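Subject: Structure handover

Hello,

Please find the structure below. My notes on what was found in it follow.

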Amino acid sequence: MSKIVILTGIPGSGKTSILTESVALLNRERKKTVSVNFGDVMFDTSGVAHRDEMRKLPQEKQIENQKKAAEKIARMAKKENVIVDTHCTIKTPSGYLCGLPEWVLKNIKPNVIVLVEAEPSEIKGRRDSDESRKRDEESADDIDAHQKLNRAAAISYCMLTGATMKIIKNRDSYLLDAVKELAGLF
Amino acid sequence: MSKIVILTGIPGSGKTSILTESVALLNRERKKTVSVNFGDVMFDTSGVAHRDEMRKLPQEKQIENQKKAAEKIARMAKKENVIVDTHCTIKTPSGYLCGLPEWVLKNIKPNVIVLVEAEPSEIKGRRDSDESRKRDEESADDIDAHQKLNRAAAISYCMLTGATMKIIKNRDSYLLDAVKELAGLF
Amino acid sequence: MSKIVILTGIPGSGKTSILTESVALLNRERKKTVSVNFGDVMFDTSGVAHRDEMRKLPQEKQIENQKKAAEKIARMAKKENVIVDTHCTIKTPSGYLCGLPEWVLKNIKPNVIVLVEAEPSEIKGRRDSDESRKRDEESADDIDAHQKLNRAAAISYCMLTGATMKIIKNRDSYLLDAVKELAGLF
């Protein structure tokens, strides 16, 4: 039976590399798997012309869009494995925002929620060397606090859904181990 | 549009000072804001003559009162900003009690849940010098554990409501920074 | 009025010893108390012939069984105190699984959720000396992480139910203190 795995990780965790490699590995192994970005699905189903419009919609409309996106993903998973690329919590000027509020979780019905984690110092190093993205300067302590908070958020997500919460450590030079761990969930 | 911010912080965090100063600041800036204490609203709506009676009511009645108080606060917020003064979790002889159970959260529908935090040693110092209140002696480790638990509780609250979770650090001699951070949420 | 206390603790926490001694103590004190193992109740109500079959049932059927077991426990607690022996979260190959998902919690309606905790080094020592059970080798850091995650899970459980979350420390040579703390909840 096909599965839905929600993949999360803070910027610099290496989530994207793991995702790309795992999908390739799974399909080589004939385990048909697609990855979708939650924000992209939301944009597609929202009917608005530009992404910026999405955030300006009234809150009820945004919740409506999130639900529709979640339902669409649940439908996709009837035919093949789906990895949902999203955030556990997002740091905003008003504080941490849950990437997976109740109405999203209960419509996606995930099997596993994955937290890709790395040492705060490694994350900092990756962010510093990544010139393509402008990222807020965060201290190793801030990064540590964010990762810890994500564990608390994720286990709450599991309480509502029955999903398991898998921590995948993505250490520098050990990407393949992380890729195998993610692929091993299917 | 007006907002509801839930303000929490353990005894000695300096929550009350921040609250008073922020409400004054916001009203000077013509952002009409009131603060309400959740326990007070509950007492007002409960119809009982004394506070002690409230805790002796059967559990269903207490839940009923909590819901009514939450609905009343939600109605207030249609006209002006509301800061709700309450606790994230409360230490009782039977263990930690959630200040914001599901039925309260879903009726208040807060925009932001604020945790006022401070260094455990600073909190301990403030408690020791505050002779007006009798407070249980807690070690810095106990204080640290309580603050960490509150983060986990708060992010669960956000999962159910879509609120953001804002951590405001209230260091000794930096009260004004904390006040500005709270006022900045409106 | 009788109470329902959910008792959790990771392998090596000493949960079972505390449970046995507390039930004996409470009954000596004429506070009628029974203990039930959640897995056993589920097996009894499931109608399957062997435990292994239970895990192979389709997910909806498993959820159904969990609900039935929770309702049965809630009914038992109308006549006498019940201590429910179960897990806060369970480590599985697919990650941590919540022992108390929403549909279990809302049907049991517990008064208190207890976490029996111990120093990671003590837990490790107890596991090493327990030859009767085959347990996965976990480092003290892994044990620490699991106990921290359980606190986050437990406080989420409290948010949905209004239960309190009680941490009982079970240090080597201080079993009686832990027993008294558990019994003191009734």
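I start with helix α1 of chain B, residues 15-28, which has 14 residues. From its first C-alpha to its last it reaches 20 Å, close to the 20 Å expected at 1.5 Å a residue; the expected span is 1.5 Å times one less than the number of residues. Helices (H or I, at least four residues) and strands (E, at least two) are DSSP runs, numbered from the N terminus.

Before the rest, a word on the source. This is a predicted model, in which local features need pLDDT of at least 70 and side-chain atom pairs count only at pLDDT 80 or more, while totals for chains, interfaces and linings use all residues. Residues are numbered from 1 along each chain as its sequence is written, and chains are lettered from A and ligands numbered from 1 in the order in which they are written.

The buried residues of α1(B) are B:Lys15, B:Ile18, B:Leu19, B:Ser22 and B:Leu26. A residue is buried if 20 or more other C-beta atoms lie within 10 Å of its own, exposed if 12 or fewer, and partly exposed in between, with C-beta atoms placed from the backbone. Seen down the axis of α1(B), the buried residues fall within an arc of 100°, so they line one face of the helix; the arc is that of the directions from the helix axis to the C-beta atoms. An α-helix has 3.6 residues a turn, so residues three or four places apart point the same way. The face of α1(B) turned away from the buried side carries the exposed residues B:Thr20 and B:Arg28. The cover over the buried residues of α1(B) includes β1, β2, β3, β6 and α8 of chain B. After α1(B) comes B:Arg30, with a positive phi near 65°.

In α8(B), B:Ala178, B:Val179, B:Leu182 and B:Ala183 are buried. They fall within an arc of 130° seen down the axis of α8(B), so they too line one face of the helix. Among the elements covering them are α1, β6 and β7 of chain B.

**A helix pair**

How do α2(B) and α4(B) lie relative to each other? Their axes come within 8 Å and cross at roughly 110°, so the two helices are roughly perpendicular (65 to 115 degrees). Axes here are lines fitted to C-alpha atoms, for helices over the stretch in contact, and angles run from 0 to 180 degrees between N-to-C directions. The residues making the contact include B:Phe38 and B:Val41 of α2(B) and B:Asn65 and B:Gln66 of α4(B). Two residues are in contact if their C-beta atoms, placed from the backbone, lie within 7 Å.

**Between chains**

14 residues of chain A are in contact with 13 residues of chain B. On the side of chain A that touches chain B, α7(A) gives the most, with 5 residues. The contact of chain C with chain A takes 14 residues from chain C and 13 residues from chain A, and α7(C) gives the most to the chain C side, with 5 residues.

B:Ala153 is found in helix α7 of chain B and is buried, with 29 other C-beta atoms within 10 Å. Not counting residues up to four places away in sequence, B:Ala153 touches B:Cys88, B:Thr89, B:Cys98, C:Ile155 and C:Met159.

**The core**

The largest nonpolar core has 138 residues, and those with the most contacts inside it are A:Ile155, B:Ile155 and C:Ile155. Such a core is a set of buried Ala, Val, Leu, Ile, Met, Phe, Trp, Tyr and Cys residues joined through C-beta atoms within 7 Å.

Regards

Terms used: Angles under 35 degrees count as roughly parallel, over 145 as roughly antiparallel, 65 to 115 as roughly perpendicular and the rest as oblique.
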